[in-house]
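Dear colleague,

I am passing on to you a structure that I have been reading through, and I would be glad if you kept it open beside this message.

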Amino acid sequence: MTTIRSIVRGTGSYLPARVMSNLDFEGIIDTSDEWIRQRTGIARRHMAAAEDTTVSMGEAAARRALDAAGLVPDDIDLIILATATPDNTFPASSVQVQSRLGIEHGFAFDVQAVCSGFVYALTTADLYIRNGMARRALVIGSETFSRILDWTDRTTCVLFGDGAGAVVLEASEGAGTLEDEGILVSKLRSDGRHKEKLYVDGGPSTTGTVGKLRMEGREVFKHAVGMITDVIDDSFAAMGIGPEDIDWFVPHQANRRIIEASAKKLGIAPEKVVMTVEDHGNTSAASIPLALDRAVRDGRIGKGDLVLLEAMGGGFTWGATIVRWS
Ligand code: UT7
């Protein structure tokens with residue numbers, strides 16, 4: 001039986017020009033290049049300039065994704081932007097991207113699931129497309145975490161970077177089989193009991209301030225691999241496939257050790273893992289579309305490939321999506 005699938009038409013990304021290396025931290029806080037590399041795999045990260053915001057970077061990534069898709073802004077009727085660092089408390093950053101792109105039809109909204117935001121946003125866009133409420137969607141992950149970091153806290157400020165990535169999804173008729181192109185399965189989870197392990201200590205309804213990121217890194221680490229592998233195993237089971245069927249694993253880029261441990265536990269070969277954490281650090285909701293865009297543009301991910309996306313972050317939230325590339 002034929003069915004509507006959301007296929008990927010194009011990807012794009014934007015990274016601020018300024019790069020901060022691990023060595024740049026050595027004069028600011030008590031840390032070392034060696035500690036950061038060994039514990040996280042991070043070597044450098046991009047930092048927003050004064051004029052770079054979540055909206056401006058999201059717009060830039062979106063324009064590149066549209067170019068890659070061979071489409072113009074007017075072709076888009078849905079924008080979902082995943083971010084934990086919006087330009088304003090409201091209106092949504094997605095609506096501001098919509099206006100910068102000159103789109104006056106359709107609808108746009110933000111998704112807040114911190115580092116899992118892109119997987120949540122992609123899943124949401126897929127549901128709107130499959131229900132016929134949208135035909136072409138821009139799904140964007142854009143973050144300026146540098147603006148919510150406590151630059152005196154060495155346990156967090158070395159971990160994060162800024163940037164944006166985007167994909168264009170389009171409705172397409174599929175045969176209803178696992179050979180179809182497009183998003184084939186998504187699994188989302190959350191468990192709010194873990195709030196205190198990773199949160200921002202401010203907000204409009206509490207302190208009236210933006211606040212700073214706080215994290216018990218060791219506690220997050222302890223839960224990460226189990227949660228990631230559980231939701232991926234559920235996704236494999238839903239499709240009746242195994243790790244050997246996956247061509248590319250594009251995980252959220254928080255820590256090399258978490259990514260490698262997850263791939264090993266799942267039985268995914270190291271050469272199938274797309275790793276950008278060394279160059280980008282943790283860019284929260286932007287990390288997966290940034291990694292996807294790199295692997296598409298350098299020719300690794302191509303038509304017909306089965307691509308596994310996965311994220312875990314504040315909340316906790318976590319999730320996985322499997323998509324056959326088009
Ligand atoms: O994207 C959302 C999800 N977030 C994550 O996935 C992050 C998960 N957590 C992690 O990636 C790791 O837990 C960290 C990278 C944050 C920390 O690595 P760790 O191996 O868990 O280190 P730790 O927290 O156990 O700290 C070990 C030591 C501590 O010193 P003592 O208490 O042993 O004397 C820390 O104070 O390392 C110290 N330390 C540092 N030393 C130098 C913490 N941060 C630094 C630093 N430079 N930047």
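What follows goes through the annotated residues, the domains and some salt bridges.

Please bear in mind that this is a predicted model, in which local features need pLDDT of at least 70 and side-chain atom pairs count only at pLDDT 80 or more, while totals for chains, interfaces and linings use all residues. Residues are numbered from 1 along each chain as its sequence is written, and side-chain values use heavy atoms, with hydrogens and water left out.

Let me begin with the annotation "active site", which comes from an unreviewed UniProt entry and covers Cys 115, His 252 and Asn 282; UniProt positions are in the numbering used here, feature names are shortened, and annotations may be inferred rather than shown by experiment. Although these residues are spread over 168 residues of sequence, they cluster in space, with a largest C-alpha distance of 8.6 Å.

Cys 115 sits in the loop between strand 5 (107-111) and helix 5 (117-130), where helices (H or I, at least four residues) and strands (E, at least two) are DSSP runs numbered from the N terminus. With a relative accessible area of 6%, Cys 115 is buried; the word means under 20% relative accessible area, while exposed means over 50% and partly exposed in between, using a 1.4 Å probe and protein chains only. Leaving aside neighbours within four places in sequence, Cys 115 has contacts that include His 252, Asn 282 and Met 312, a contact being heavy atoms within 4.5 Å.

Asn 282 belongs to the loop between helix 8 (277-280) and helix 9 (287-297), and at 5% relative accessibility it also counts as buried. Among the residues that Asn 282 touches, again beyond four places in sequence, are Cys 115, Phe 160 and His 252.

Turning to the overall division, the protein has domain 1 (3-174) and domain 2 (182-324), with bounds that come from an automatic or database domain assignment. Their C-alpha centres lie 14 Å apart, and 55 residues of domain 1 are in contact with 49 residues of domain 2. Between them the two domains bury about 3,900 Å², 61% of it on carbon and sulfur atoms; buried area is the accessible area (1.4 Å probe) that two parts lose on being put together, summed over both.

Two salt bridges are counted between domain 1 and domain 2, a salt bridge being a side-chain nitrogen of Lys or Arg within 4 Å of a carboxyl oxygen of Asp or Glu. By this rule the count comes to 18 salt bridges. One of them joins the side chains of Arg 44 and Asp 279, at 2.4 Å from N to O.

Which residues pair up within a helix? Glu 59 and Arg 63 form a salt bridge at 3.0 Å, N to O, and because they are four residues apart in helix 3 (residues 54-69), about one helical turn separates them. Glu 59 is buried at 14%, whereas Arg 63 is partly exposed at 36%. In helix 5, Asp 126 and Arg 130 are likewise four residues apart, about one turn, and their closest N and O atoms are 3.2 Å apart in a salt bridge. Here Asp 126 is buried at 3% relative accessibility, while Arg 130 is partly exposed at 39%.

Finally, Arg 9, Arg 136 and Glu 170 are linked in a network of salt bridges.

With best wishes
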